[in-house]
Amino acid sequence: MGDLEIRAAVADDVPAIVAMLADDPLGAQRESPDDLTPYLAALERLSADRNQRLVVAVREGRVVGTLQLTIVPGLSRRGATRSIIEGVRVHAEERGSGLGTRLIEWAIDESRHQGCQLVQLTSDKTRTDAHRFYERLGFTASHTGFKLPL
């Protein structure tokens, strides 16, 4: 699979990240690679928050994957800390290579390192391939998620 580096995202990575976010039917409806201003502002907010990890997977100097990991301290589950995995994307040319597994394994390891007792994520109901992928990695579809656009 070649050398792979998983590291914190920087401003120069934003165009590649946004391109991956927009590279599917759902993302194409909600992302706008033509104006990176809101994404750069979001990266600044994420970088300033110690509970956020926006990472990229880089191979041969090229961004080929990304995800966001959020650490959430809480009171439930006896004061457990949990993590949330969001925005998982793998470049189209890398799909099926094992890169997605490496990214999720990184997120699980980082969650353990941060003292989390639970890792959770959501996936759009239409992403059946992603659901099989997450189940293969040990995740269970145990809850129904709800969203309210504001």
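Reply: Start with one face of a helix. Helices are DSSP runs of H or I, at least four residues, and strands are runs of E, at least two, numbered from the N terminus. On H3, the face turned away from the buried side carries the exposed residues Thr 37, Glu 44, Arg 45 and Ala 48. Exposed means over 50% relative accessible area, buried under 20%, and partly exposed in between (1.4 Å probe, protein chains only). The model is predicted: local features need pLDDT of at least 70, side-chain atom pairs 80 or more, while totals for chains, interfaces and linings use all residues. Residues are numbered from 1 along each chain as its sequence is written, and side-chain values use heavy atoms, without hydrogens and water.

Me: Which residues of H3 are buried?

Reply: An α-helix has 3.6 residues a turn, so residues three or four places apart point the same way. In H3, Tyr 39, Leu 43 and Leu 46 are buried. They cover an arc of only 65° around the axis, so they lie on the same side of H3. The arc is taken from the directions from the helix axis to the C-beta atoms.

Me: What covers the buried residues of H3?

Reply: Look for contacts, meaning heavy atoms within 4.5 Å. The cover includes helix H1 (14-22), strand E2 (52-59) and strand E3 (62-73).

Me: Is Glu 110 buried or exposed?

Reply: Check its relative accessibility. Glu 110 is in helix H5. Its value is 15%, so Glu 110 counts as buried. Not counting residues up to four places away in sequence, Glu 110 touches Arg 53 and Leu 69.
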